[in-house]
Amino acid sequence: MCALLALKRNENYELAMIAAMLHDFWTYVTGKSSDHAEKGADEARKILNVLGNFSDSEIEMICDAIYHHSNKESDQCAFNKILIDADLLQHYLYNPMLELPKEKAERMERLKEECGLSHYAIGEMMCRIHHNELPVS
Ligand SMILES: [Fe+2]
């Protein structure tokens, strides 16, 4: 999802994909969601430094996106918005019936428009998941 949005918006899709994979790392490791974006960014920085495949500026981009991914109301750079939007879209697609606050709901509507997701297509997809015709993960 994150890589597709990055491609669509002419951002670095490889870095977006790495940010997506690591963005909830803190929660995966600890089972805790409190401050997971900030703590996850610190953990991601350690991992990326150990791997040695990324420049300092790439690590900064990835970790900044992770740090801010839960802050969906703040104004962020184009790259950070990709992870924020992909995360929101993933949460929505997991449960389209989820009640969203007004700002998130408006953002979600813009995202659905950008991604060409109609209410019909989402409903069809949810029916197929419900009937085990599509994998959920
Ligand atoms: Fe998260």
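Which hand does the crossing of α2 and α6 have, left or right? The crossing is right-handed, a label used when the near helix is turned clockwise from the far one by less than a right angle, with anticlockwise giving left-handed. Keep this pair in mind; the tour comes back to it.

**Before you start**

You are looking at a predicted model, where local features need pLDDT of at least 70, side-chain atom pairs count only at pLDDT 80 or more, and totals for chains, interfaces and linings use all residues. Residues are numbered from 1 along each chain as its sequence is written. Helices are DSSP runs of H or I with at least four residues, numbered from the N terminus.

**Stop 1: the core**

Select C2, A16, A19, I62, I66 and L83. Within the largest nonpolar core, which has 25 residues, these touch the most other members. Such a core is a set of buried Ala, Val, Leu, Ile, Met, Phe, Trp, Tyr and Cys residues joined through C-beta atoms within 7 Å. Buried means that 20 or more other C-beta atoms lie within 10 Å of a residue's own, exposed means 12 or fewer, and partly exposed is in between, with C-beta atoms placed from the backbone. Two or more core residues come from each of α1 (2–8), α2 (13–22), α4 (36–51), α5 (56–68) and α6 (78–94). In soluble globular proteins, nonpolar side chains tend to be buried together.

Now centre on I62. Beyond its neighbours within four places in sequence, I62 is in contact (C-beta atoms, placed from the backbone, within 7 Å) with L15, I18, A19, A44 and L48.

**Stop 2**

**Stop 3: α6 and its cover**

Return to the opening pair. α2 and α6 pack at an angle of about 50°, with axes 10 Å apart, which makes α2 oblique to α6. At this meeting, A16, A19 and A20 in α2 face I82, L83 and A86 in α6.

Colour the buried residues of α6, among them N80, K81, D85, L89 and Y92. Their cover includes α1, α2, α5 and α7 (102–115).

**Stop 4: M108 in α7**

Move to M108, in helix α7. M108 is partly exposed, with 19 other C-beta atoms within 10 Å. Leaving aside neighbours within four places in sequence, M108 is in contact with L88, Y92 and L100.

**Stop 5**

Most residues other than glycine have a negative phi. Select N10, in the loop between α1 and α2, and you will find a positive phi near 60°. N10 is exposed, with 8 C-beta neighbours inside 10 Å. D35, in the loop between α3 (25–30) and α4, also is not a glycine and has a positive phi of about 55°.

Finish at E99, in the loop between α6 and α7. E99 counts as exposed, with 7 C-beta neighbours inside 10 Å.

Technical notes. Two residues are in contact if their C-beta atoms, placed from the backbone, lie within 7 Å. Axes are lines fitted to C-alpha atoms, for helices over the stretch in contact, and angles run from 0 to 180 degrees between N-to-C directions. Angles under 35 degrees count as roughly parallel, over 145 as roughly antiparallel, 65 to 115 as roughly perpendicular and the rest as oblique.
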